[in-house]
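This briefing is meant to be read alongside the sequence and the coordinates.

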Amino acid sequence: MDSKSEGEDRPWQSYHTAYTNAKAGMEGVDKEKVQKVVYEMSKGSKYFENEQRKEAYIKQKIENLGQQRAKLTDKDIAHFQKIAEKKIVELEASRDLTKTWLHTDMDAFYAAVEILDNPSLKGKPLAVGGMSMICTASYEARKFGVRAAMPGFIARKLCPDLIFVPTNFDKYTHFSELTRKVFGRYDPNFIATSLDEAYLNVTEVWSERGLSGEEVAAELRGAIYDETGLTCSVGVAPNRMLAKVCSDINKPNGQFILPNDRGAVMTFISSLPIRKIGGIGKVTEYLLRDVLGITTCDDMLKNSALVCALFSDLSSDFFLSVGLGIGGTHTPENRMRKSISTERTFTATSDTILLFQKLADIAETLSSDMQKENLWGRNLTLKLKTSSFEVRTRAVSLQKYISSKEEILTHATNLLKAELPLSLRLMGLRMSQFRDEDKHCSVDPTQKTLSEFILSGSSHSKEYDSRDISSENSDFLLEDKNLSELDGTREKEHRCLISEPESSSKREELGDSSSGKDTNGTCGGNANCEIQWVDGYICSKCGIELPSGFEEERREHADYHLAQFLQQEEKTHVARDKVYHKLEHSSPKSKRQKASLHGGKFIPIDAFFTKGKKNL
């Protein structure tokens, strides 16, 4: 039988789905069976049509990149090989094996919490969520191919005895807070990336207490179990990227330690599938595999010339660093949150009363989350996903800062009314542009402060050159220009706290989140890393085109740029350290001379007030 007739007999084989990707507890699953069930259960639906559009788009991107590769001459490849070799030397020089990072991931967190609350569920196939979408599946359910982000009706087909339990985020948040108390004992500056995941820098614990990586991991896992009654899996490695990969190796309730040794790292990374790396999702995986033949991290180095030829400098730096096993080692600086959001997925409905009730629930949750963090915002965005999987975002800039449920609901209701009638399957609200508590801003954003006036400068300030600024200010400018937050809190499935401009990022955990002009581009909240979708489909960072229906791909693309940013951040951190070192060795005399360059262009603030007093 030829391949064409075989494809016609088994059409599901060409139907690529994220549900067949390897996930802890799914190692023995019959992937073709799952693929067939997903195909047959969704065939003819709006979801199926949307997936087909995405598949066609991905194929087009692969074809376009393939055409670019075909145009490369031997001379071009030789040129890019030299560029790649130079990059590899520079990246290798930045390798840091002095830090020890630990990544912890709770085992089937939501399901585990429900089982702890109701022990009769133990040992049974369990899914947290509903027929529309499930958030987490127990390991018993995963044996049937059931997994997070899968529609419940498909999961029930795969596992007829599947037990559904509705979500309870208050419960999950409570247990998450308990785990974070434990994290704080080992690293006060730990980075929480969701309710059930966190990165900890355990370098000091390791050295001060004379513990090995295995001992630290075992002790932390035991402490979490004592505090919560829940298990977690842990990975320990020289950097965050590798630590996350390691935490997935011996799940559930296990640990894996990668020594701080270059040889061990290179051996580990050599056969590691690229999809295991955070920031490389389905679309990127297909492009690298189908165009360049890259399937493992080591293949990144073997095809380094083509990587540099076909991708931007920042992208190629990231890919080559993956091939070298080099990841972030410095703790990102904490900055003020840029946005906060919450959303809900539900069975598609056009019932206006029901939609407004759901909107009220979402507004109440958003208000509660804002008040917990003492946040007041004035940019409100409404996100809608229709029954045909079209995503819309509508926003309004308010005249004053708000945080109460009533005020949020009033403005959100006006936005929703303008879109009705409509059949929806998801709604979400996001608040951004927060009041800066450090500056004691008034509730009225139009009221200016003296500091804002001075910082905004007069028309003369445009003449200033960076060389005119005193060394006392240079640290601030360097930090302001190059550093930003890694907003670690991203709540999984349906409820998230993300950075602005948010574009529904993370990582499959936003629960069906998505696109529109300003969606799927958080990049950890860094202003230098933010993605916006120009004309609704073009990435402002790299020009890749992803239509609004590509929710998962946009999340993965945002993660990809986040990973790039973290890599760049490492370089910035080193550069900043060099500047600080230089400033520390500068004499007071040289600082005063630098501050007085260009005579009258720089006026100290105390002189400004002295002059003002004389005029009184």
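A salt bridge here is a side-chain nitrogen of Lys or Arg within 4 Å of a carboxyl oxygen of Asp or Glu. The model is predicted, and a search of the whole structure finds 21 salt bridges by that criterion.

**Salt bridges around lysine 251**

- Aspartate 105 and lysine 251 form a salt bridge in which the closest N and O atoms are 3.8 Å apart, a value that falls within the 4 Å cut-off.
- This pair links distant parts of the chain, since aspartate 105 belongs to strand β1 (residues 101-106) while lysine 251 sits in the loop between α11 (240-247) and β8 (255-257), 146 residues apart.
- Lysine 251 also forms a salt bridge with aspartate 107, and here the closest N and O atoms are 2.8 Å apart.
- The second pair likewise links distant parts of the chain, with aspartate 107 in the loop between β1 and α5 (109-117) and lysine 251 in the loop between α11 and β8, 144 residues apart.
- Are the residues of these pairs buried or exposed? Buried means under 20% relative accessible area, so aspartate 105 counts as buried at 13%, lysine 251 is buried at 14%, and aspartate 107 is buried at 4%.

**The network that includes glutamate 390 and arginine 392**

- Glutamate 390 forms a salt bridge with arginine 392, the closest N and O atoms lying 3.2 Å apart.
- Salt bridges with shared partners join Glu390, Arg392, Arg394 and Glu419 into one network.
- Glutamate 390 is partly exposed, with a relative accessible area of 36%, whereas arginine 392 is buried, with a relative accessible area of 18%.

- Strand β10 (residues 377-386) and strand β11 (residues 391-402) run antiparallel and are joined by eight bridges.
- Within this pairing, threonine 381 stands opposite alanine 395 in β11.
- Four residues lie between the strands of the hairpin, in which phenylalanine 389 takes a positive phi near 70°.

**Packing of α5 against α8**

- Two packed helices are described by the angle between their axes and the distance between the axes.
- For α5 and helix α8 (residues 169-186), the angle is about 95° and the axes are 10 Å apart.
- Angles of 65 to 115 degrees count as roughly perpendicular, which makes α5 roughly perpendicular to α8.
- On the α5 side, Phe109, Tyr110, Val113, Glu114, Leu116 and Asp117 take part in the contact, and they meet Phe169, Lys171, Tyr172, Phe175 and Ser176 in α8.
- The residues of this contact divide into seven nonpolar, one polar and three charged.

**The sheet β3-β2-β4**

- Strands of a sheet pair through backbone hydrogen bonds, either parallel or antiparallel.
- Three strands form an open sheet with mixed pairing, in the order β3-β2-β4.
- The edge strands, each pairing on one side only, are β3 (134-137) and β4 (163-165), and the twist averages 30° from one strand to the next.
- Strand β2 (residues 126-129) pairs with β3 in the antiparallel sense over three bridges, and isoleucine 134 in β3 is the bridge partner of glycine 129.
- Helix α5 packs on this sheet, where α5 touches β2, β3 and β4 and its direction makes about 105° with that of β2.

How values were computed: Residues numbered from 1 in each chain as written. Predicted model: local features only at pLDDT ≥ 70, side-chain atom pairs only at ≥ 80, totals over all residues. Heavy atoms only, no water. Helix = DSSP H or I, 4+ residues; strand = E, 2+ residues; numbered from the N terminus. Buried < 20%, exposed > 50% of the residue type's maximum accessible area, 1.4 Å probe, protein only. Axes fitted to C-alpha atoms, helices over the stretch in contact; angles between N-to-C directions. Parallel < 35°, antiparallel > 145°, perpendicular 65-115°, else oblique. Contact = heavy atoms within 4.5 Å. Nonpolar A, V, L, I, M, F, W, Y, C, P; charged D, E, K, R; others polar. Pairing = 2+ DSSP bridges.
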